[in-house]
Amino acid sequence: MSDRLEAILAEGVPGVCPAAVALIAVDGAVVASAAAGELVRYSDADFTLAGDRPPARRDSIFDLASISKLFTTAAILSLAEDGLLDLDEPVATWLPGRDARITLRRLLTHTAGLQPIRRIDLELPDASPGTRMAAMIDTPVTAPVGGPYLYTDVGMIMAGRVAEVAGGAPLDALVAARVTGVLGLADTGYRPAELHRVAATEWKPERPGPGCVRGEVHDETSYALGGVAGHAGVFGTADDVLALGESLRLGGASPGGRPLLRRESVAEMLRDQGAEGAPFRHGLGVRIGDPGIVGPLAGAFGHSGFTGTSLVVSPPHGLTVVLLTNAVHPVRGRDGLRALRHAVAAEALRLAG
């Protein structure tokens, strides 16, 4: 049942991305899976072929990029269920001195008026991750608070920091205890150890080590913050991302019996929060009907990642669709990723009948 999916990936590899893994589940059962390409294909930005080019496999690990935001959001909602924070309380409760209009709900819907990106690595080239984080948290409001929608990594970084203060632990520990541990995602987390399974990303000569980035977060800001941040830094396999999507599709269920989240928390996460000005509807940390990834699955929720990853969940069709690629290897800006995402989504719809 994977022949058509394998053909779709074969059309995109290596032109669109050097490596790709895709999974399609209908009503919780994987009905199609495919892996194509090589985890490390190039050794530099000139597309020089690497000497060792291990093949991509279903259990290969990818830099999930902004899919990390879903893990951050799930951890925050778990903390809210325990009464450790409130989505509508000013973040100044945990981060004194911040603008009183900023709330977690606004951070998770990108309506807090914060700038999209802040290259703190360039601003503070010699500073420690802690000093850089403090500077990120001090980022002022520069746009209208409450909307319109303005996508901001800065806001998700602030949300992650609120989680750390409220939860009394680093974000990676919170995600491990409250998300990946609950779902049994053994291959998902920050700063992966099994580098031989990790797909390479971009050629970054400013980073230590030879060749393209591998096993370190691609995102420059997350890297500058030590590899753990609310907007990026999580690595994982297609099966693990599928498990997160399935849990959200089923209202927070998990294999071990302990729910990831209460059903009402998941419902609130997936509810249109009314953020205006976006080309899609927005839940808490999650996009609804994002035209860049859903293809014919109108109304599906999920998120994409800059490295070339995406998770799409369509409850009416019983579908969860994962596409993990390293489209930024060895350089960013390739064409065809949107078409590849749409083709996988269309195949998922066909399989759903």
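Is T221 buried or exposed? T221 turns out to be buried, with a relative accessible area of 6%, where buried means under 20%, exposed means over 50% and partly exposed covers what lies in between (1.4 Å probe, protein chains only). The model is a predicted one, so to speak: local features need pLDDT of at least 70, side-chain atom pairs count only at pLDDT 80 or more, and totals for chains, interfaces and linings use all residues. Residues are numbered from 1 along each chain as its sequence is written, and side-chain values use heavy atoms, with hydrogens and water left out.

T221 sits in helix 8 (residues 220-224); helices (H or I, at least four residues) and strands (E, at least two) are DSSP runs, numbered from the N terminus. Leaving aside residues up to four places away in sequence, T221 touches R118, R119, I120, M136, I157 and H231, a contact being heavy atoms within 4.5 Å. M136 belongs to the buried residues of helix 5 (residues 129-137), along with R132, M133, A135 and I137. These buried residues of helix 5 pack against helix 4 (120-123), helix 6 (153-167) and helix 8.

Now for the pockets. On a 1 Å grid over the protein atoms alone, a pocket is an open set of points where a 1.4 Å probe fits, with protein on both sides within 12 Å along at least five of seven lines, and lining residues have an atom within 4 Å of a point. The largest pocket has a volume of about 320 Å³, a volume being the space filled by probe spheres set on the points, which are joined across faces, edges and corners. Its lining has 21 residues, and I117, D153, D219, E220 and F306 lie nearest the centre. Strand 8 supplies the largest share, 3 residues. By class, the lining of the largest pocket splits into 6 nonpolar, 8 polar and 7 charged residues; Ala, Val, Leu, Ile, Met, Phe, Trp, Tyr, Cys and Pro count as nonpolar, Asp, Glu, Lys and Arg as charged, and the others, Gly among them, as polar.

The second largest pocket comes in at about 200 Å³. Helix 5 shows up again here, giving the most to the lining with 5 residues. Among the lining residues are M133, I137, R161 and L225. This time the classes are 7 nonpolar, 1 polar and 2 charged.

Next, the nonpolar cores, each a set of buried Ala, Val, Leu, Ile, Met, Phe, Trp, Tyr and Cys residues joined through side-chain atoms within 4.5 Å. The largest core has 74 residues, of which F71, I76, L85, L104, L107 and M158 touch the most other members. Helix 6 gives the most to this core, with 8 residues. A second, separate core of 28 residues includes A20, L340, V344 and A345.

Last come the sheets, in which two strands pair if DSSP finds at least two bridges between them. Strand 8 pairs with strand 9 (residues 309-314) over 5 bridges, and G302 stands opposite V312 in strand 9. Another open sheet has 3 strands in the order 3-5-4, also antiparallel. Strand 3 (62-63) and strand 4 (189-190) each have a single partner strand, so one side of each is left without a neighbour in the sheet.
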